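Open the model in your viewer and keep the sequence panel beside it.

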Amino acid sequence: LLCIEGIGPYTASAVASIAFNVKVPVVDGNVCRVLSRLKGITNNIKAPVVKDDVGWKLAEQLMAAVDNKSVRAGEVNQALMELGATYCAPNGSGIDERDPLVGYYLSTKIALEMGDLVSSDASFLNKNATASLQDALARVGKSHHCKVCGEGEISNVFIEMMEDMKELSRHIPKDTLDTKSKKMYETYGPLGHKYLPTVPPKKKKREEIVAVAVIHARSTQHGKRHWLMIKRPKKGLLANQWEFPSCSVVIAPTKAAKQSKGNESKQLSAKFSSKERRLALDKFLIDQFVDTKFLPLDTKISECKRKTVTSSPLVHVFSHVIHHMWVEVGDVTDLIDLKAGIEMQWTSKDGRELRWLSEEDMKDVGITSGVKKILAAVHSTNTSRKRKL
């Protein structure tokens with residue numbers, strides 16, 4: 001499965017275990033969260049050492065114990081993923097009796113041990129004791145760095161958890177917080193899931209202004225409308241996916257997290273006028289025909305009158321980048337005849353595939369949500385214009 005282009009370890013493992021009952025783990029964020037709480041790992045689930053290394057090793061150990069003659073490997077993987085999305089979600093308590101792993105979480109046990117320490121020793125309720133704990137943990141952290149838990153993570157988590165416990169203990173009668181009481185279990189137990197694993201740091205998203213050309217023509221042979229599409233590079237964002245021809249004209253980091261998307265878009269858009277965006281898009285389109293047998297076609301496509309679809313850009317958000325897409329649509333039905341010798345597929349000078357695709361073809365090859373968003377905007381604009389007429 002890994003030899004198939006576009007399939008990575010996660011997809012390969014999921015297909016192998018669910019479809020073919022192969023004893024291989026499937027590790028995503030939800031599974032990493034379950035495993036981290038079972039083992040008391042403090043590092044966040046997006047840390048490379050967790051999601052790419054330790055998470056897979058722990059899941060392999062768990063999968064090794066599965067008897068796939070009586071229990072399908074895929075069912076175990078799906079159960080772990082479902083558990084991480086429900087009872088062991090970020091806001092999970094770790095003490096819900098409906099949770100099949102309740103009683104096995106080391107995160108909960110750590111919280112209860114610390115709760116016992118706080119409730120049984122009054123000295124931990126004053127600031128000096130907390131400061132002493134901080135100093136002691138800091139010394140341990142300097143002498144013994146754990147790559148799994150992350151530098152300083154253990155001491156920070158313990159200190160924050162203890163501060164939380166101190167605050168809780170001030171509002172609860174001490175006689176109800178003995179070591180084995182239900183009140184202590186319900187009060188301190190959930191703090192294990194609250195602090196373990198730590199919350200992944202939020203990365204600032206890169207901002208890009210993207211100019212998109214939606215070029216279409218109706219076939220004189222069967223009347224179907226076809227759209228000019230280009231295949232993305234084999235590596236990087238949305239690798240090998242089909243999209244409308246586009247180019248980035250502005251790339252900038254997000255500076256103000258509190259700023260509204262509208263303001264961010266206006267600031268970025270101000271850096272490039274509509275004329276500059278169009279020129280950049282013209283150049284990109286022409287480059288796709290250089291050194292090919294379609295040179296007459298490049299002039300017709302780049303020179304067709306394109307209209308801006310919306311008064312503001314379409315916003316499409318990825319995990320690490322935000323695209324503000326200015327979409328221009330152009331109809332070249334009167335300029336070219338898809339029936340008269342115009343090939344439906346070719347390769348550009350940089351090795352990218354181009355193809356005229358109908359919307360039925362798009363369903364067959366699969367298109368991204370971003371392309372669907374653009375296509376919906378184009379259809380909506382066409383419908384509005386027809387109503388006005």
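How many of the 11 residues of strand β7 (residues 321–331) are buried? Select the strand: 10 of them are, and β7 is therefore described as mostly covered. Keep in mind throughout that this is a predicted model. Its mean pLDDT is 83, and 79% of the residues in the chain reach 70 or more.

**Stop 1: the partners of β7**

β6 and β7 run antiparallel and are joined by four bridges. They form a hairpin, with three residues between the two strands. Within this pairing, His316 stands opposite His323 of β7.

**Stop 2: β2, β8 and β9**

Clear the selection and pick strand β9, residues 353–357. Strand β2 (residues 225–231) pairs with β9 in the antiparallel sense over four bridges, and Trp227 has Leu357 as its bridge partner there. Strand β8 (residues 345–347) is also antiparallel to β9, with three bridges. Thr347 stands opposite Glu353 in this pairing. β8 and β9 form a hairpin with five residues between them, and in the turn Gly351 has a positive phi of about 85°.

**Stop 3: an aromatic pair**

How many aromatic pairs does the structure hold? There is one. Select Trp227 and Phe244 to see the pair: the arrangement is edge-to-face, with 6.2 Å centre to centre and 65° between the planes. Trp227 is in strand β2, while Phe244 is in the loop between β3 (242–243) and β4 (246–253), so the pair ties together parts that are 17 residues apart in sequence. Both Trp227 and Phe244 are buried.

**Stop 4: helix α2**

Select residues 29–39, which make up helix α2. Its buried residues are Val31, Cys32, Arg33, Val34, Leu35, Ser36 and Arg37. What covers them includes α3 (48–64), α4 (73–85), α5 (106–120) and α8 (182–195). After the helix comes Gly40, with a positive phi near 70°.

**Stop 5: Asn21**

Move to Asn21, in the loop between α1 (9–20) and α2. Is Asn21 buried or exposed? Its relative accessible area is 16%, so Asn21 counts as buried. Its side chain reaches the backbone oxygen of Asn68 at 3.0 Å. A polar atom of the Asn21 side chain also lies 2.8 Å from the backbone nitrogen of Ala73. Leaving out residues up to four places away in sequence, Asn21 touches Ala16, Asn68, Val71, Arg72 and Ala73.

**Stop 6**

Select Cys3 and then Cys304. Cys3 counts as exposed because its relative accessibility is 81%, whereas Cys304 counts as buried because its value is 8%. A search of the whole structure finds zero disulfides.

Finish at residues 255–261. Over this stretch pLDDT stays under 50, and the model has seven contacts for these residues beyond four places in sequence.

How values were computed. Residues numbered from 1 in each chain as written. Predicted model: local features only at pLDDT ≥ 70, side-chain atom pairs only at ≥ 80, totals over all residues. Heavy atoms only, no water. Buried < 20%, exposed > 50% of the residue type's maximum accessible area, 1.4 Å probe, protein only. Contact = heavy atoms within 4.5 Å. pLDDT = per-residue confidence, 0-100. Polar contact = N/O pair within 3.5 Å; in protein donor to acceptor, adjacent residues only side chain to side chain. Disulfide = S-S within 2.5 Å. Pairing = 2+ DSSP bridges. Phe/Tyr/Trp six-rings, centres within 6.5 Å; stacked < 30°, edge-to-face > 60°.
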